[in-house]
Amino acid sequence: MRQRFQRSKRYTKRFAAGFLLLLLCLAGCSTKDMSSITAQASEQEVRKQVEQEQGSGDLNLHYLDVGQGNAVLAESQGRYMLIDGGARKASSFVVSYLEKQGVKELDYLLISHFDEDHLAGAIGALHKFPVKQLITPDYETDSSIYQSYAEVVEEKQYQAVHPKVGDTFTFGTATFRIISPTVYGHEDENQDSVGIVLQNGENEFFIGGDIGLESEKEILNAGIDIQADVMLMNHHGSHVSDDFLDAVNPDYAVISCGADNRYGHPRQDTVELLEKVQILLFRTDKQGTIDVSSDGKDITFVQQPCNDYTPGTRGSDSQQEEAAGSMENAGPEDCDYVLNAHTKKIHLPGCASVKTMDEDNKEYYKGDKQALLDNGYTACGNCKP
Ligand SMILES: [Zn+2]
Ligand SMILES: [Zn+2]
């Protein structure tokens with residue numbers, strides 16, 4: 001049973017903007033454009049048929065249940081875009097999900113940033129599907145997962161695009177515009193995430209990767225339009241500021257996180273804020289993959305919102321992951337390096353970042369740095385261990 005949630009606010013503003021766009025378009029139309037209309041018409045018929053077979057709207061989004069990580073598949077007029085691909089564990093699920101959806105190629109593959117929980121599945125997709133445009137942030141890391149990424153990009157001879165804030169891309173009936181990062185070089189690479197607002201008619205979807213308070217502030221200071229109807233909560237439901245949520249002003253929120261994840265996502269203050277301002281909530285850890293479509297006016301979710309505003313607990317998954325992934329073998333006194341288990345950064349014990357690091361992410365390590373690099377860790381750019 002499908003529930004249709006209608007929304008009408010902000011209609012006037014959007015109508016005015018659309019009208020202006022139409023005027024500009026009419027003014028810029030050439031006769032050459034007109035002569036190709038017949039060819040376009042038959043193409044449009046085919047597209048329409050494809051569209052009817054694939055979903056109920058012009059734009060269909062799937063927030064994939066990839067456990068702890070993020071992957072969103074978007075489709076419009078038989079064209080596909082993948083935004084992040086989830087972690088290693090989810091990589092084969094993501095590829096087979098795309099195959100089941102009929103994906104033969106990706107018009108866009110957008111990798112928000114190069115953390116494993118976003119990048120690993122994207123590498124799987126790069127191996128499996130031709131990609132017309134690869135969009136990534138403009139930085140490199142020395143992690144082993146990044147090396148695998150760089151190898152497949154080189155093998156396929158792709159040239160990644162590093163977009164600037166304000167750049168706009170067309171995608172089927174929709175467009176998406178880049179909203180972050182406004183600057184690069186954050187110590188925490190999450191803050192360098194490429195974020196977008198995907199727009200179809202009056203409907204807008206915010207997807208900001210793993211940005212946090214630092215990047216949020218920069219986006220707000222730059223006065224970027226980030227208003228959207230549906231907000232994928234930043235960084236798996238980690239921090240969000242009141243001001244930022246206010247600026248996006250969504251009706252619906254989606255949180256992509258794993259059940260019992262070790263980070264305690266979503267954060268208590270974040271879900272409390274969502275509940276306080278009565279934003280309808282969908283969660284992949286509670287509901288699996290979330291499907292939504294937009295016809296340019298209405299947004300239709302396949303599921304009902306779960307409106308489950310309970311925060312994550314540092315669950316059973318933490319013991320498992322710690323057993324599998326922890327490099328901790330020393331204490332604060334006898335360690336050579338201090339690791340951030342979340343950002344996978346290697347720091348010297350005296351690094352300023354160690355003082356501000358979340359205690360739960362802190363690990364002490366004694367031994368060879370190469371072993372850390374082999375396990376996906378990268379060196380801090382400030383203390384240069
Ligand atoms: Zn992440
Ligand atoms: Zn991240």
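Author: Two residues are in contact if their C-beta atoms, placed from the backbone, lie within 7 Å. On that basis, residues 24 or more positions apart account for 69% of the contacts in the protein with a separation of 6 or more. The model is predicted, and local features need pLDDT of at least 70, side-chain atom pairs count only at pLDDT 80 or more, while totals for chains, interfaces and linings use all residues. Residues are numbered from 1 along each chain as its sequence is written, and chains are lettered from A and ligands numbered from 1 in the order in which they are written.

A residue is called buried if 20 or more other C-beta atoms lie within 10 Å of its own, exposed if 12 or fewer, and partly exposed in between, with C-beta atoms placed from the backbone. Of the 385 residues in the protein, 43% are buried. The protein has 13 helices and 19 strands; these are DSSP runs, helices being H or I of at least four residues and strands E of at least two, numbered from the N terminus.

A nonpolar core is a set of buried Ala, Val, Leu, Ile, Met, Phe, Trp, Tyr and Cys residues joined through C-beta atoms within 7 Å. The largest such core has 71 residues, and those with the most contacts inside it are Val-72, Leu-82, Leu-109, Phe-206 and Val-254. Helix α5, residues 116-128, gives the most to this core, with six residues. Another core, of 10 residues, lies apart from it and includes Val-338, Ile-346, Tyr-365 and Leu-372.

Leaving aside neighbours within four places in sequence, Val-254 is in contact with Tyr-63, Val-230, Leu-232, Met-233, Phe-282 and Ile-290. Ala-253 is placed in strand β12, residues 252-255. Ala-253 counts as buried because 26 C-beta neighbours lie inside 10 Å. With neighbours within four places again set aside, the contacts of Ala-253 are Met-231, Met-233, Leu-274, Ile-279 and Leu-281. From C-alpha to C-alpha, Ala-253 and Met-233 are 6.4 Å apart in space, although 20 residues apart in sequence.

Helix α5 also packs against a partner. The axes of α5 and helix α6, residues 144-155, come within 10 Å and cross at roughly 25°; axes are lines fitted to C-alpha atoms, for helices over the stretch in contact, and angles run from 0 to 180 degrees between N-to-C directions. The two helices α5 and α6 are therefore roughly parallel to each other, since angles under 35 degrees count as roughly parallel, over 145 as roughly antiparallel, 65 to 115 as roughly perpendicular and the rest as oblique. On the α5 side the contact is made by Glu-116, Leu-119, Ala-120, Ile-123, Leu-126 and His-127, and on the α6 side by Ile-145, Ser-148, Tyr-149 and Val-152. By class, this contact of α5 with α6 has seven nonpolar, two polar and one charged residues; Ala, Val, Leu, Ile, Met, Phe, Trp, Tyr, Cys and Pro count as nonpolar, Asp, Glu, Lys and Arg as charged, and the others, Gly among them, as polar.

His-236 is found in the loop between β11, residues 230-232, and α8, residues 242-248. Although not a glycine, His-236 has a positive phi of about 60°. His-236 is buried, with 24 other C-beta atoms within 10 Å.
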